Each structure stands twice: as structure tokens, then as C-alpha cells.
Amino acid sequence: MWTFIIRRLIQSLIVVLGVTLITFVALQMSGDPTYLYVSERATEAEIQQTRVALGFDRPLHEQYLKFLGNLAQGDFGNSLSYKRPALEAVLEALPATIELTLFSMIMAIGLAIPLGVFAALYRGTSVDGSIMTMGMLGQSIPSFWLGIMMIMFFGLQLRWFPISGHVPFIMPLIQGNVVQAFSQLPQALYYLIMPSVAVGFYSLSRNARLVRSSMLEVLGQDYVRTARSKGIPEWAVVIRHALRNAWLPVVTLIGLEFGFLLGGVVVVEMVFSWPGIGRLVFNAINQRDIPVVQASVVILALVFISLNLIVDLIYAKIDPRVKL
Amino acid sequence: MKPLKSLLLAGAALLALPVLAQAAPPDNTVVVGLSAEPSTFDPAQISSRDNANIAKHIFATLFTVTYEGEVQPYLVDTTEVSDDGLAYTFGIKPDLTCDDGEPLTAEDVAYSFNRPADKSLAFTGNTPGFVYTTLGFKSAEVVDDLHVKINISARTTLALGMMSQVYIHCKDSYEKMTVEEAAANPIGSGSYKLASWDRGSQVVLEKVKDPGNFQTIIWRVIPEASTRTAELIAGNVDIITNVSPDQVGAIDSSGTATVSAVSGTRRIQIGFNMTDAMAGQPGAEEIKDPKVRFALQYAVDVPGICTQLLGMACDRATSLVNPPNGNPDLVPVPYDPDMAETLLDEAGYPRGEDGVRFKIKLQGPRGRYLNDANVIQAIGQYLTDVGVETEVELMEWASVYQPLLRTKEAGPLFFLGAGGVTWNPLYDMSLFATPEAATNYAGWTDERWFDDYKLALAAPTVEEARPVINRMLKLFYDEGPWLQLYFQPDFYGVSSRLDWTPRRDEEIELFNASLK
């Protein structure tokens, strides 16, 4: 197992390097960022002075190598917009995104499994039809539109949920304010509901369909028939024998799911005024704030890679056929 | 029984949550929904309008511009100008204080002017950039405790207005802070001080002195327009910015808020790029002919665009100067496509067999100005209708269009909105300060304009420069480098509980806001 982990860590390093290179080249291709940091009345001399101050006058390879050198020391440089360490800005925004993504994922998986199981057990009935219709809808509706519709209906018309905003939970925990964190947990969850549905509805729908088809396949297997013939109660057959095997494909997806959900939060964070990393990156890209974009991408890549590694380890644990 | 009791308690708590989450602001608090979040509170770094709107309440300024567009003293008691107009000596009001408790003296004022100009700190905000470039700032020096001298490089009637943009901050505190610390810890001299900054979510200001009718101002960051509208209608926010025309009806019919529209100072225009960068492009030579430029003015139905696409009636602009500072003798060019065709014929560009006089490209941004993409496409069609076959190209602002503009490579026709003011026509005209000016995106080189601009700028007062200004504006009207459009309307959503009047210059000033 350790060989596997070490091999994956080396692969991760290559992935991170690749990610930084692609981000760097993409940002450089989109124009000279200097113009965003000078007055529209700046003379050519002033523009050049700012270009030098920001380091954009150096050859691209030199800029990139300098960035890598600093990165090796954990230094992403100072944000061009916020004038403070880019990593600090990213790490400050990360907990809000983790809250949203985790909650969305818990919802997407936690609800998908029972829905998928029910749809499989009641195949061809109105229960199955309703769940699959919801699945189709979930995979067809864009998250930003769903978010806006929920704001209009549940936030504005019914006043059930807050329209926008965020109450932190993870950040006070990190800062050691455990009492504060837990005292505001109900409010934090309350603010999480609508954005999480908007982020996770697509995944919930896809996972429910996946569990359903997986369950249908498993329920027809010999060992399930054997279990039934032994007189084991139906709920035990479904949960202990069928579901245990049927949810393996879902576990495989969890790692990818997190990455997918992270991608989805950018738009949803804008809609719900959620102060997370998605919104930070969106603004940073608009501002050509290269250090913040780089720091965000690297941190997200690391989160994604780590999660996939954990999922692989869990997978090996729950499926004895898999050897690491 | 115990679990049931817990469940009931939990249910009651959940029911109470909506009340907690959606409580309307208390009477001593006003909440503003902003579209963009502030990035810094360092007075030398602030550059965006949203950021400046908050800063304006934290930092006082030597002068202030009123709703009516007059520059009036604020911290200043007396003003003396040297004979050559290159030195301004201000006496500041006695007994002023900083937020750190120290007295506010001439030393603080001089420091506030000199710090942004410190090249070693490489500030990139509005003050060291746009303000100091326009002002021609050289240095500030202390005369005595209550007198400070500001030196500039050339006489200009823009001086006091530009100085009104410089935030006065407190030397002792700033000297102890790093640039990074200064970004998050503003120590000013204004009516409010920063109470908390929850990055990405909100900024809370608390009142420390008059003027100001609210004890607390909360600036909430709500990037999405429809979310801002929902928060306003729900009564959670008192003022929102950048209401799009399609949401006006929803707000006005909500019963909890109304839309306040104002004709802004941003000048929307189509520029004619006459620089060498356009050489060889279709239409580039044709637009160098002033007769063609004037003929095209008749081709576009500007009032129609305002009514149909911007949701507000407007008068067509007659020049680049904001009303009421324009030339009163100029009448907006009417929409008259027949006249456009006649003038184009007379200019020597008749329709060809295919009905086309000449072809040209119109470039513009998407999502930068109010309904810009639709406006640009409409203009493209108007021009095509009179035989100038126009290819419209819409671009992303920050990475594509802005660099093109800055290098004067946008065009041959380019769509642009330029910020303006109401306090001095020469500010609006300074886009064309010299043929080489960075903001002369059109590459206009008419010597008559630039000679007159020097004359106007050197005049001791705007009134004395008025005949020259009017002559220049007539030239701009007849042969200028713009296809004149409109002053962009600004729409604000305002809660029904609030008495507040929006300004024309996009500044949000809450000192006079009050509950009805």
C-alpha cells in the first residue's frame, strides 16, 4: 500500500506542475494584465513602470520559473488586487467552499442511494417513474438557473430560506472557536440548504440513476437469489447483500464527484453571494490576479488529488478484489 | 418523552431560524447591496467604484463635490492659489481628529498626498494613477500645523476637483503599518470607521462623527443582479446598484422598494479610430472624412435605443461634456436616415450595385455597460440600413477588449463608455488633452481642438474659458471623433423605508440618507 501511496504522490506532483503550467500559459495568453493595474490615463512610461513593478516585463519562462521557485517554498506571491499573500486569500475562502461542496456531496450521495434503491425495488411503478423523472430534470437544469428559481420561490415568496449569504462553521473551528462554531451550526446549515441543492442536484440525479441501474443488475445475481431462498428478510437482502455491491460504482465516483462539484460552485457561489474559492477565482480571473488564480488552482488540485487517493484506499478496503 | 421534547425544541428552533436569517435591518442601520467586493482599504490602492463608495465614508477629503456638481470645501477652511496657479495653500479646519484619536493636522494632509506618490511603494490605485496624472501632482509640504501647500506642474481649473478625490488619512498610524496591514486597517478622518470586514461577505461601518443619519452602514457583497433584487424586495437590503432594466418592473410593483433612475455622467459613444493601426481595414479611410462622421450621426436613433433597450428616455448627447456644462447652442442630431444617406452621397460614398457604400467593423464589449451588446448590435443595424455594411464584433472586456483599446487597436468603430463629471467641462474634455493622450483612443489630431484645449486649461476660471470651450464643443459636434450616443442611465433599487437620492456620478453617498 505504501508503494502505491508514494507512487501516487509522485504522480500528484507531476499533475500539480502540469496544472500550474497550463494555468500560467492560459492567463498569459489572455493579454497583458498590466493594463488592469494602471489608470486609463497612464502614459506609456507609467504603464512600463507598473509592468516592471508587477514583474510582467520578464520573459515568460523566467516568470514561470520564478513562480515555481517560490512555490517550492510555499510562496505564491502577493495578490495583485488584495495586496496580501495570495495563499492567505485562498485559504480564507476555502472553508466556505469546502462546507458547500461537502454538504452538497453528502446530499448528493446520501439521498441518491435510497432513491436509487427505491427506484430499483419498485421498477416500472410510479415510484420508479417519479424518481427517474426527477433524475432527468436534475441532469437537465443548469445549477445557476435552479439557484435563481429557488431564491425566487423559497427565499422571496415563501421566505423559508435566506436568499443569500453565509454563516461560517469550519473557519471558527480552524481558529479554535469551537463554541462559536457549534453555536452557529444550525444557522450555518440553514444557509447551506439552497446553495447545496443548486450545486448537488445534478450529482444527486446522476447518482440515483447509477444506483438504480447498479441495484437492478445486482438484484438479479445468483447470490441475491440464494440469500432470499435462505429466508433472509428482504430488507437485509437489499441492504446487506445487494446494496453493498451496488454502491461500489458510486464510491468510485465520489472522488471525481468532489472535483465536479467544485467546478459547479463557481456559478452557485456568485448566485448565493457565497464567499468561497469559486467566487474568488472568478474575480481573480477577471482581474488577471495571477498569484490568486495559481494558488487557487494548486490548492484545489491538491484537494482533488488527496480525495481521490483516499477514495482509492477506501475502495481497496471495501472491495477485496482490488489490490493496491 | 425526552426524545420527543428534544425533537419539538429542535423544530421550534428551526422555525425561528427564518426570523433570525431574514430580519429587516434595524432603524439605525442602512444596508447597501454592492455588485463587487472591496479589495483593499488602503487609500492609495483603491480603484474600483464600489470600493471607493465605502472609502468615501471612512476617509474625509479636502473638498467634496455636491449633488449639483459644485466643488465645496470639506476639511478646508481657507484656500490660497499662487499667481502662477502652481501652488495651492490650504488652511484646514482646527480641532479635526483622526480615528486613532490623534489630532488631524497639516502633517497628515501632506502625508496623505505624498504617500500615494511614493514610487517605492508601487501603488496602483486611483489616486496615484488617474488623479495625480490629471492633477499634475508634484508634492505636498507642511507650512505649519494647520496649513499645507500642494504643488502641481501646470495651472488647471481641475485642481480642486481632483484634490477632492484624495483620501486624507492619518500619518502616525500609517507609518507604523506595512502596506499589507494598511489594506485592512483604514485609519481615516471621516464620519464612519471600519467596524468589521468579513471578506467576500460584508463590510460594516460605525458612525464616529457627523454627518450621517445612520449609526451603522452595512455594505453587503451580492454579485448576482437577480439576487440583489430579491434581497431588496425581501426588505433585507435598502439600496442596490446596477439594477438591470428588465428588473425595474418587479421592483416597482413589489410595494417594498422602487427604482430610482438617474441620467449618469458616463458618456457612451462610438469612437472612430483614425490611427495608423487601422490602416488597410475596411472603412478606416472613409471615417477619416469629417463629412462621413457627421453623416453617420443621423443614421442612429439614439432616443429609440434609450427607450427600447435601456428602459429610460434620454436626450442624445451633443458633445463629450456632461450637461449642464455643454455648449447650449448645440442641438442633438436627430434620427434622420434619409439625411444620413444624402450626406454620405455628398461626401462621395454612394451606394454600390449591391446597396453597400462601404464596409466597416464595429467592436465592443459584452457585459461592461448597461445592455451594451444589444445596443451595439442595434447600432450595427442602423449603420447597415444607410448602406454602411457593419460587422459587429463583441468581446470580453478585461482580457480582450480593454488591451485593444489601450493600444488603440480597437475599431475602426469602437463602442465605449467614458466616466465623466458634473463639476468641470474640462475634465470631460481632458480625454483629448493631447493627440498622444492615452485616452485619445480615436487618435484624433485636429490641431484646432488641441490648441484651444491649452488655452482653456490655462484660463483662471471655467467661466473665463467658456467661449473657447463652446468653440471646441462646436468643432467636436461637427467633426469630432465620436458618434454621439447618450449619458448612461443608472438604476438604483431603493427600499420604501428610505429617503435617499442617487447621484449622477455613480457615487453612493449616505450622509444625507434617512428613514422616511
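Let me start in chain B, where strand 1 (residues 29–34) and strand 10 (residues 216–221) run parallel and are joined by six bridges. A strand here is a DSSP run of E with at least two residues, a helix is a run of H or I with at least four residues, and both are numbered from the N terminus. Two strands count as paired if DSSP finds at least two bridges between them. Within this pair, B:Gly33 sits opposite B:Arg220 of strand 10.

Before going on: this is a predicted model, in which local features need pLDDT of at least 70 and side-chain atom pairs count only at pLDDT 80 or more, while totals for chains, interfaces and linings use all residues. Residues are numbered from 1 along each chain as its sequence is written, and chains are lettered from A and ligands numbered from 1 in the order in which they are written.

Back to the sheet. Strand 10 of chain B also runs antiparallel to strand 9, joined by five bridges, and there B:Leu205 has B:Ile217 of strand 10 as its bridge partner. Strand 9 (residues 202–207) in turn pairs with strand 8 in the antiparallel sense, over six bridges. B:Lys193 is partnered by B:Glu206 of strand 9.

How many strands form the open sheet in chain B? Ten, in the order 8-9-10-1-11-16-12-15-13-14, with mixed pairing. Strand 8 (192–198) and strand 14 (388–395) each have a single partner strand, so one side of each has no neighbour in the sheet.

Now chain A. Chain A has 14 helices and zero strands. Its C-alpha atoms fill a box of roughly 85 × 55 × 40 Å along the principal axes.

One helix to look at is helix 3 of chain A (residues 60–72). Helix 3 has 13 residues and spans 18 Å from first C-alpha to last, close to the 18 Å expected at 1.5 Å a residue; the expected span is 1.5 Å times one less than the number of residues. After helix 3 comes A:Gly74, with a positive phi near 75°.

Next, packing inside chain A. The axes of helix 6 and helix 9 of chain A come within 9 Å and cross at roughly 145°. Axes are lines fitted to C-alpha atoms, for helices over the stretch in contact, and angles run from 0 to 180 degrees between N-to-C directions.

Last, the contact between the chains. It takes 43 residues from chain A and 42 residues from chain B. On the side of chain A, the largest share, five residues, comes from helix 6. That side divides into 21 nonpolar, 13 polar and nine charged residues. Ala, Val, Leu, Ile, Met, Phe, Trp, Tyr, Cys and Pro count as nonpolar, Asp, Glu, Lys and Arg as charged, and the others, Gly among them, as polar.

How do helix 6 of chain A and helix 8 of chain B cross? Their axes come within 10 Å, at roughly 5°, where helix 8 of chain B covers residues 225–233. The two helices are therefore roughly parallel to each other; angles under 35 degrees count as roughly parallel, over 145 as roughly antiparallel, 65 to 115 as roughly perpendicular and the rest as oblique.

Technical notes: Contact = placed C-beta atoms within 7 Å.
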